[in-house]
Amino acid sequence: MRLIIIALPLLLIKFYQWVISPMLGQRCRFHPSCSHYAIEALKTHGLAIGGWLSIKRILKCQPFHPGGYDPVPEQHDNKHSK
């Protein structure tokens, strides 16, 4: 079910990777790139949290942030549900 919900955002990111990104060239200051980060965040955390993590990551992409290695945080199990 989660894959169905995130299908459109994933399709838009893939379109960006295949069509727009090659025209812009290599510009990402992070590893993994912001688009790869967004795909992994959506697949790991779902639309709401993964989308929020992706937006936060894109907002970091500016000249005053050093960049570098910035992986998607691991998904933590909810300790209150059994």
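Modeller: The expected span of a helix is 1.5 Å times one less than its number of residues. The model discussed here is predicted.

Colleague: How many Å apart are the end C-alpha atoms of helix 3?

Modeller: Helix 3 has 27 residues, and a straight helix would reach 39 Å. The ends of helix 3 fall short of that, with their C-alpha atoms only 10 Å apart.

Colleague: Is Leu53 buried or exposed?

Modeller: Leu53 lies in helix 3. Buried means under 20% relative accessible area. Leu53 has 11% relative accessibility, so Leu53 counts as buried.

Colleague: Which residues is Leu53 in contact with, leaving aside neighbours within four places in sequence?

Modeller: Leu42 is eleven residues from Leu53 in sequence, and their C-alpha atoms are 8.6 Å apart. With neighbours within four places left aside, the contacts of Leu53 are Tyr37, Ala41, His45 and Pro73.

Colleague: Is Asp70 buried or exposed?

Modeller: Asp70 sits in the segment after strand 2 (68-69). Not counting residues up to four places away in sequence, Asp70 touches Phe30, His31, Pro32, Tyr37, Arg57 and Lys60. Its relative accessibility is 16%, and therefore Asp70 counts as buried.

Colleague: How far apart in space are Ile20 and Ser33, C-alpha to C-alpha?

Modeller: Ile20 belongs to helix 2 (residues 7-24). Ile20 counts as partly exposed because its relative accessibility is 32%. Ser33 is 13 residues from Ile20 in sequence, and the C-alpha to C-alpha distance is 14 Å.

Note on methods:
Residues numbered from 1 in each chain as written. Predicted model: local features only at pLDDT ≥ 70, side-chain atom pairs only at ≥ 80, totals over all residues. Heavy atoms only, no water. Helix = DSSP H or I, 4+ residues; strand = E, 2+ residues; numbered from the N terminus. Buried < 20%, exposed > 50% of the residue type's maximum accessible area, 1.4 Å probe, protein only. Contact = heavy atoms within 4.5 Å.
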